[in-house]
Amino acid sequence: MALRLDCPMDNCHASIEAATEDELMEQVSAHAEERHPDVELDDDFVSSIKAQIIEV
Ligand SMILES: [Zn+2]
C-alpha cells in the first residue's frame, strides 16, 4: 500500500507517492519549495492537502 497525492496547484500535474503520511508530507514540502516557492504551507493548506491523499 502506498499513499498518493496529486499536486493541487493549477497547471501542476505532479503526482507524489510515499509509504506513510509523514513521508508524503515531507515530499510535498520539498516539491512545494522547488516548484511553488510562493505557496505557504500553512495549517489550512496542509489540512486540505491531507484530505486529498488517496491510497493506491
Ligand atoms: Zn506541484
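User: Which helix gives the most to the lining of the largest cavity?
Analyst: That's α1, with 3 residues. Helices here are DSSP runs (H or I, at least four residues), numbered from the N terminus. This is a predicted model, where local features need pLDDT of at least 70 and side-chain atom pairs count only at pLDDT 80 or more, while totals for chains, interfaces and linings use all residues. Residues are numbered from 1 along each chain as its sequence is written, and side-chain values use heavy atoms, with hydrogens and water left out.

User: Nice. What is the volume of the largest cavity?
Analyst: About 50 Å³, taken as the space filled by probe spheres set on the grid points. A cavity is a set of points on a 1 Å grid where a 1.4 Å probe fits but cannot get out, and lining residues have an atom within 4 Å of a point.

User: How does the lining divide into nonpolar, polar and charged?
Analyst: Into 10 nonpolar, 2 polar and no charged residues. Among them are V28, H31, F45 and I49.

User: Switching topic: at what angle do α1 and α2 cross?
Analyst: Roughly 120 degrees, with the axes of α1 (residues 21–35) and α2 (residues 43–51) coming within 12 Å.

Definitions and conventions:
Axes are lines fitted to C-alpha atoms, for helices over the stretch in contact, and angles run from 0 to 180 degrees between N-to-C directions. Helices (H or I, at least four residues) and strands (E, at least two) are DSSP runs, numbered from the N terminus. On a 1 Å grid over the protein atoms alone, a cavity is a set of points where a 1.4 Å probe fits but cannot get out, and a pocket is an open set with protein on both sides within 12 Å along at least five of seven lines; lining residues have an atom within 4 Å of a point. Ala, Val, Leu, Ile, Met, Phe, Trp, Tyr, Cys and Pro count as nonpolar, Asp, Glu, Lys and Arg as charged, and the others, Gly among them, as polar.
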